[in-house]
Structure formats: C-alpha cells, structure tokens
Amino acid sequence: MAPRLTLISPDFTRLWFGQAVSSIGDMVFSTTLMLWVATVLAKDESWAPAAVSGVLVAGGTAVLVVGPIAGVFVDRWDKRRTMLGTEVLRGGLVALLAVVSFLPADALPAGVWLTLVYGTVLLLHAAARFFAPARFTIIADLVTGDADRARAAGITQATSQTALIVGPPLAAPLFFTLGVQWAMLFNALSYLVSYVAIASVRVAPAEKAPADGSGTGKSAGHRSGVLREFVAGLRFFGRSKFLVALLVFAVIGQFGVGALNTLNIFFTTENLGMSAKLFGYVGMAIGVGGIVGALCAGRVVQWIGTRRTTWVGLLVSGALLIAYSRQTGFVGGIILLVLFTIPLTVLNTAMAPLLLSAASAEYRGRVVAVFQPMTQLAAMVAAALSGWLAGTLLRDFDGSVAGLRFGPIDTIIAVAGLCILLAGLYARGALPAPETAEDGGPGGGPAREEKPGEPAGGAEAPATRPAAVRSPAPPRRGSTE
C-alpha cells in the first residue's frame, strides 16, 4: 500500500499546500516590486531609497490601521468564506497591476506608477489582515491536541522560512529575463491555487456566537455596532492577565529582534568584515535556523510543555543574540545567527496554543488582531529607534569593559539581546498557568497547569503563528500574509 502524503490531517494538508504556493508567490511578488521600483521606476534618482521604503511603509500602514478592526468582522463572518473572498480580491489586484505593467515605463509619470504600487500593496496587506485571523481560527477546528498544534505551527513556519529562501532567487531571473509582468502573474496564479485548496477544506459550520461576547448577548441577526464589538474585544483582552502578559513580553522581545533587523546589514559588513555581496548568506542562515526550529518545535513542546518552551526560548535567544553581538568573524557570526533563530522559532510555535487557549471562539479574530498591530508597531518603533541611536547619539561611541571593546552597532544589538532576556524573565514569572476561556476569560482567572503533550488549559487552539516575537528578517522581506 502506497504511503499517504498527509500532514496531520487531509484538510490541514490541503490548507498547507495552498499556503505554501501562496507564500512563494508573495515572496516573488514582494522582491519583484523592490527590483522594479529600484531599477526601473526610480532608476538613477536620488529619491530611489525612499521610493523602495514606501513599499514597506504601505504594508505596515495597512497592518496598523486595518488590523485591529478586521478582527471584529472576522469574528462575525464565516471563516472559510472570508479566506476565499480575500484570495479572490488579492489575486485580482495583482493581476490588474500585472496588466497595467505591460505599458511602457514612460507611459505614465513615476508618481502615478508609485501610487499604483503603493495602493496595491496597501490593499493586499489590508486583505491579509482578514485572511490571517480567519486562517488562524479555522485551524482550531482542524487540529486538536497540543503536540499536533505545535507540529502544525512548526510546519507552517518551516514553509514560510522555505519561501523566504526560495522566493527571492526565483524573482530575480523572472524579473530580468521575462519582465515584471510575468512575476506578478505568477503571484496571481498562486492565489488561484490557494483558493482551490481552501475551497476543498471541509470545516464544520460554526455556531452563531453573540456579537458582544457576553455569552447571552444578541443573536447574529441583531449584531451590536462594530465599534461596540471592537471595544468589547479590547475589554476582553485587557481583563485577561494571561493575554496581557503574552502581549507584554512579545512586545519587549520584538524590540530586540527589530533592532537586529535594522542594523544587521551594518553589523555584518563592519563588525564581521563581510562583503556586502555575501549578505544573502545572512538571509539563508536565518531561513535555515527557522526551518530547523520549526521542525523541532513540536517535539520540544511535547517534552517540556508550551509555557516552559516560551520562556526558555526567550532566555536562550537573548543569550545567543548577545553572543552574536561579540562576533568578529564571518563564520562565527553565521553560526550564531542560525543558532539564535532556532529557539526563537520554537517559542513562536509555542505561542499559538498559549494565545488561543485564553480566548473563546467568538473572540479569536479580535485577539489575533490585537497582537498583530501591536507587534508591528513595536517593530517599527524598534527600527526607528535603533537607526536613530546608531546614526546620532551612539555614532562615535567607543568603549571597553573588562578588555572587551564596544562600538555603536554591537552595543545596540547586545542591548537588543538583553531586551529578549528580560522578556524571558518576565514570561517565566508572568505565565504561572495557562488560562482558558471558560475559567479565565474576561475575568482573568487562572486555569489549571497543563502537562506536556496535553492541550493547554484543556482548550483547543489553532497552530498558525501569531505575530509575537518575529524571527529576524532576511535581506528582503515583505510577504503580504
């Protein structure tokens, strides 16, 4: 009998396949946009770097503005239909831009081209704010058990990291040999594949939950206002000590990783003596570490439990980042970067069961929608702050402690590692026991302690990755999901 190529379950396998194709398409698309703007639309212009950064700003703006309110609608709507609708919208947007891009570059002013690019990226990321919480929630119905949820989260993260490695090398040949249009059409086709995969997934009809989250509230036919539901979600989140604790240490940890993402190009070229031409190996190292960590996560969670995995992962990651900041050679730096990414990915996997075990079904979309904008904001603040410190206050910094010399870049990265260590210490004390919706909920009461291999708090949680402590970004990153 031939072996079945199934990951956890047939429905999860189909959902994963759609994600895998779509993730590669997104990486091809985002890299293509960077190349198009830098080498064609803003070629030889002094404002080219600002034009390229505008692509990232457009995506980040969508996360911050649309993300929080999207959770309200995701909690209202059918999750499968929401995912299908966003894939149609995103595929159509990319296909439309691809058709317009067949025009010669000089057919439209550069400002009009950039407006089209930024507008498309903004809408793609806005649609993704509905897709991600819906997918995050729907996996709760497809995957049960702590170990399987961790396996599913690990598979998801490994797929995303693989796309980060595979996507950019595919994008450059497509762009320079076939043109920007065909790289865009490739991404549009990936959304079609994702649509077909999602449509084949069988999900049990969800029970109609009260809009206000009261448990005895209004029926689906008598929804309360969007603002009221949004405030109810914030109130639910704020009253849950467990959710607040998760968010606090995620934000603290994000400050550490955000600083590394911003300054790593300078650290590798100045401190490690690496040629800028070799910077692609940094992205490869991060991708390899992410894949290894994702594949190991399920077993680690099964051995030591989700909570211990989370705070131990933070402590180990922080220590390794501090060690990385002291490196002066290419080989040692690459090895430390791989090792740093492994526990960071493992703890991100452990975050999923913890996060959703604290929220009842009617709040899942809003819970995820709070995490994503807050961590995105933390990443943006960390990027701006670290860049400002390196370019102003610490620009000429040169000190030594116990014979160890410190410059501006390695000092900031070392402090970033310390931030992650502090997040780990906070997590160890702030996560005494997981909290379920039934006995925790808005009141924030503690739940019983979970055992390794047992569902956290007895609740079922999905296995995709919340936007918690993000892994360090490779050189080019900008997935719309």
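Which residues line the second largest cavity?

Modeller: This is a predicted model, in which local features need pLDDT of at least 70 and side-chain atom pairs count only at pLDDT 80 or more, while totals for chains, interfaces and linings use all residues. Residues are numbered from 1 along each chain as its sequence is written, and side-chain values use heavy atoms, without hydrogens and water.

The second largest cavity is lined by Pro68, Phe230, Gly233, Leu234, Arg366, Ala369 and Val370. A cavity here is a set of points on a 1 Å grid over the protein atoms alone where a 1.4 Å probe fits but cannot get out, and lining residues have an atom within 4 Å of a point. Two elements, α7 (226-239) and α12 (364-391), each give two or more residues to this lining; helices are DSSP runs of H or I with at least four residues, numbered from the N terminus. By class, the lining of the second largest cavity comprises five nonpolar residues, one polar and one charged, where Ala, Val, Leu, Ile, Met, Phe, Trp, Tyr, Cys and Pro are nonpolar, Asp, Glu, Lys and Arg are charged, and the others, Gly among them, are polar. The space in this second largest cavity is about 40 Å³, a volume being the space filled by probe spheres set on grid points joined across faces, edges and corners.

In total, the structure holds two cavities of 30 Å³ or more. The largest cavity contains about 50 Å³ of space. Ten residues line the largest cavity, and the closest to its centre are Gly18, Gln19, Phe131, Arg135 and Ser194. Two or more residues of that lining come from each of α1 (10-41), α4 (110-142) and α6 (180-199). Helix α1 supplies the largest share, four residues. The lining of the largest cavity divides into four nonpolar, four polar and two charged residues.

Helix α1 also contains threonine 32. Leaving aside residues up to four places away in sequence, threonine 32 touches Ala171, Phe175, Val180 and Ala183, contact meaning heavy atoms within 4.5 Å.

Notes:
On a 1 Å grid over the protein atoms alone, a cavity is a set of points where a 1.4 Å probe fits but cannot get out, and a pocket is an open set with protein on both sides within 12 Å along at least five of seven lines; lining residues have an atom within 4 Å of a point.
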